[in-house]
Amino acid sequence: MTMKKMSLDVYRDKVMGCWAGKNIGGILGAPFESIRKVVKVDFYQQDLSMGPPANDDLDLQIISLAAFERYGRNLTASVLGDYWLSYMIPNWVEYGTGKANLREGFQPPISGFLDNTYKDSNGCWIRSEIWACLAPGHPEIATRFAYEDAVVDHADEGMYGEVFMAALESAAFVESNKFDLIEIALSYIPETTLLYQSIRTALRCWTDHVPFQDVRKIIHNTAPGTFGIQTIKLSEISGEDNEGMAIGTPGLDCPENIGYVIAAWLYGEDDFGKSLCMANSFGEDTDCTCGSLGAVMGIITGARNLPKKWTDPVNDRISTMCIDLTSHGIWVPDTVTQLTERVIRDAFIMLGNEYYDILAPEGTVVYCQDSKDLYCEKAGEYLRYINGNGKTEKLPMRELCALSPFCVRYYYPSFAVILDYDGSVSYHYGQLKRIKVRIRNSERMHQQQWVKITIYLPEGARSVGGSSVELPLNNNYLSEANAEFYIDTDEYQAGRLEGVIDVSLVGRHSSGSMKFVLVRESCYPVLEERV
């Protein structure tokens, strides 16, 4: 694999540009958030003499950074969920649903999916910059952490939005051509998603020379969102600006708004201020669209090349609103400069000696992937079950993102587990509930083993056909040990069932226990046949 060298000075300038651009865009768009109309402004509308207004899109990422500083590359969605519950104040829509599910005992990605009307909205793709800045020029790494972040409180289109933006922003550290960057980022999401279609629509509009004033409605009707009508009665949606715009599904906001980011970037002719004002003119979730576009352009140009017209009024300052400071668990930077220096220090944890060389003869350098290696690795690069030596056992990004939201992942030193709830966390009278267990060897300790899998249930529930199995765990590429348990709950009276799956390697001390939570869907008998 060919690597490009990026000096520490260039890296610092691009990280600074990312956060400065994010801050600027968030400030510009904030007054127009949740408005469905064409917005015509060419500069900030707030008095910034006393400092910038708070930017939740930026400060949520400070929580993620604090978690990464504690757990490093072992950071998982479950850990991020704990930080969410401890330090994140807001309880609105997807944030509130994700937190409620976590409190009920449901692990990510279930927490981001279950009863979550806003799982496809904008709350997670706006958190992508931290992963790109920690893994510059390594979208494969950035997207894995973006996925972990997203599934705490989002799923489906919302999750793909953060994966797309993390790939785009990470690649932007080494690639500046916007069309190449878009194609790189698109390689990380399925073509079947509305997000993919929305981005392709923005590209077609630009290629076909569609007048900019018509782009807003075309993208909207490709993936109709509802962010701009959250506070408007349906009877009040009127006017030429909104004529012909479909009424969308509540919460389906990510595809449309990222489509607006891409359209403004294309039509803005690489002019920072013009591009951000174009993003703002679309309405909807304007602080998100302007902030994310500002971050992308800031990475590409670096902070030194951002227009002083936009940077001077902000004066490097950051203002936060979503972090609980009473628990004293998170240090919040006051400036973009402080945040930048902190990220640069932490990137060594993410990249390690392999990609971050502080002893290089020319000074500290970051090794980034070459442009051709920035694309998502295709599935099927190796024949399944071939000799596993020298190959990663991590799920390919596309396979990871395609997992059911009812699949919970656990990692241990010598093996990894996927606990599959089989499409539901519910159990019913008269039906057996199936729990599936998939086990793979560890990436670095993959020896041929035997594994014992045991299910433990509360009194009144029983595992039909036995509660324990022993299976071979091979070390060939993508080999798995798979088990299924069928739970009879007819004699179980409570409305909530907590069980444990225990996995141990025969002949080794290695073991791991995973709690699972089920809820009764109905108190009345149903007549369906048992599985």
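**Reading contacts and helices in a predicted model**

Q: Leaving aside its neighbours within four places in sequence, which residues is N476 in contact with?

A: Contact means heavy atoms within 4.5 Å, and on that basis N476, with its neighbours within four places in sequence set aside, touches Y385, I386, N387, G388 and E393. This is a predicted model, in which local features need pLDDT of at least 70 and side-chain atom pairs count only at pLDDT 80 or more, whereas totals for chains, interfaces and linings use all residues. Residues are numbered from 1 along each chain as its sequence is written, and side-chain values use heavy atoms, with hydrogens and water left out.

Q: Where is N476 found?

A: N476 lies in the loop between β10 (468–473) and β11 (481–488), strands being DSSP runs of E of at least two residues and helices runs of H or I of at least four, numbered from the N terminus.

Q: How do the axes of helix α1 and helix α14 cross?

A: With axes fitted as lines to C-alpha atoms over the stretch in contact, and angles running from 0 to 180 degrees between N-to-C directions, α1 (residues 8–29) and α14 (residues 286–301) come within 6 Å and cross at roughly 155 degrees. Angles over 145 degrees count as roughly antiparallel, and α1 and α14 are therefore roughly antiparallel to each other. Residues making this contact include G21 and G25 of α1, and G294 and G298 of α14.

Q: What span should helix α8 have?

A: The expected span is 1.5 Å times one less than the number of residues, so the 16 residues of α8 (residues 156–171) should span 22 Å, which agrees with the 23 Å between its end C-alpha atoms.

Note on methods. Parallel < 35°, antiparallel > 145°, perpendicular 65-115°, else oblique.
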